Amino acid sequence: MKKNSLVACYLDMIGVIYTNKYVNEFSKHPYNNNLYGIYDFLSNYKLDLRAYKAAHLSDISEDCFPFITLLNHEFVIVKEINDGLL
C-alpha cells in the first residue's frame, strides 16, 4: 500500500475529514518511511496518538483498533485480530 493511501485509509477509518491535496504532502515528509513520520504527519490533525510495544497479540486491547504497524517490512492498518491473525 502506498504511504499516502495508508494515511488516507486510516483517516477514513477513524472518521477524520481531510483533503487529498494535504494527504499527498505526506510523500514530501522527511520521515515518510517510518512510524515517527506517520505519527508526526497525523499529529497535525490533533489526534490522540500513542505508541505501544506488545510482546504478544493478546497484549493489544480492543480500544487500540484500528492501528498502524509494521508487518513484514510494510506498513499496514490492523482493524482486528481474530484467532491470532491480523
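Reply: Let's start with a term we'll need: a residue is buried under 20% relative accessible area, exposed over 50%, and partly exposed in between (1.4 Å probe, protein chains only). This is a predicted model, so local features need pLDDT of at least 70 and side-chain atom pairs count only at pLDDT 80 or more, while totals for chains, interfaces and linings use all residues. Residues are numbered from 1 along each chain as its sequence is written, and side-chain values use heavy atoms, leaving out hydrogens and water.

The protein has three helices and two strands, arranged along the sequence as α-α-α-β-β. Here helices (H or I, at least four residues) and strands (E, at least two) are DSSP runs, numbered from the N terminus. Of the 86 residues, 29% are buried.

Now to helix 3, which covers residues 35-42 and has Gly37, Ile38, Phe41 and Leu42 as its buried residues. Seen down the helix axis, they fall within an arc of 125° (taken from the directions from the axis to the C-beta atoms), so they line one face of helix 3. At the start of this helix, a side-chain oxygen of Asn34 comes within 3.1 Å of the backbone nitrogen of Tyr36.

What does the buried face join? Ile38 and Leu42 are among the residues with the most contacts inside the largest nonpolar core, which has 16 residues. Such a core is a set of buried Ala, Val, Leu, Ile, Met, Phe, Trp, Tyr and Cys residues joined through side-chain atoms within 4.5 Å. Helix 3, helix 1 (3-13) and strand 2 (74-78) each supply at least two residues of this core, and the largest share, five residues, comes from helix 1. In general, nonpolar side chains tend to be buried together in soluble globular proteins.

Leaving aside residues up to four places away in sequence, Leu42 touches Val7, Tyr10, Leu11, Leu47, Leu49 and Ile68, where a contact means heavy atoms within 4.5 Å.

His29 lies in the loop between helix 2 (20-24) and helix 3, and counts as buried because its relative accessibility is 12%. Its side chain makes a polar contact of 2.7 Å with the side chain of Asp40; a polar contact is a pair of N or O atoms within 3.5 Å, and within protein one must be able to donate a hydrogen and the other to accept it, with residues adjacent in sequence counting only if both atoms are side-chain atoms. The His29 side chain also reaches the backbone nitrogen of Tyr31 at 2.9 Å. Not counting residues up to four places away in sequence, His29 touches Gly37, Asp40 and Phe41.

The whole structure has two salt bridges, each a side-chain nitrogen of Lys or Arg within 4 Å of a carboxyl oxygen of Asp or Glu. One joins Glu25 to Lys28, with the closest N and O atoms 3.5 Å apart; Glu25 is partly exposed at 35%, whereas Lys28 is exposed at 62%. The other joins Asp48 and Arg50 at 2.6 Å, N to O. Asp48 is exposed at 60% relative accessibility, and Arg50 is exposed at 52%.
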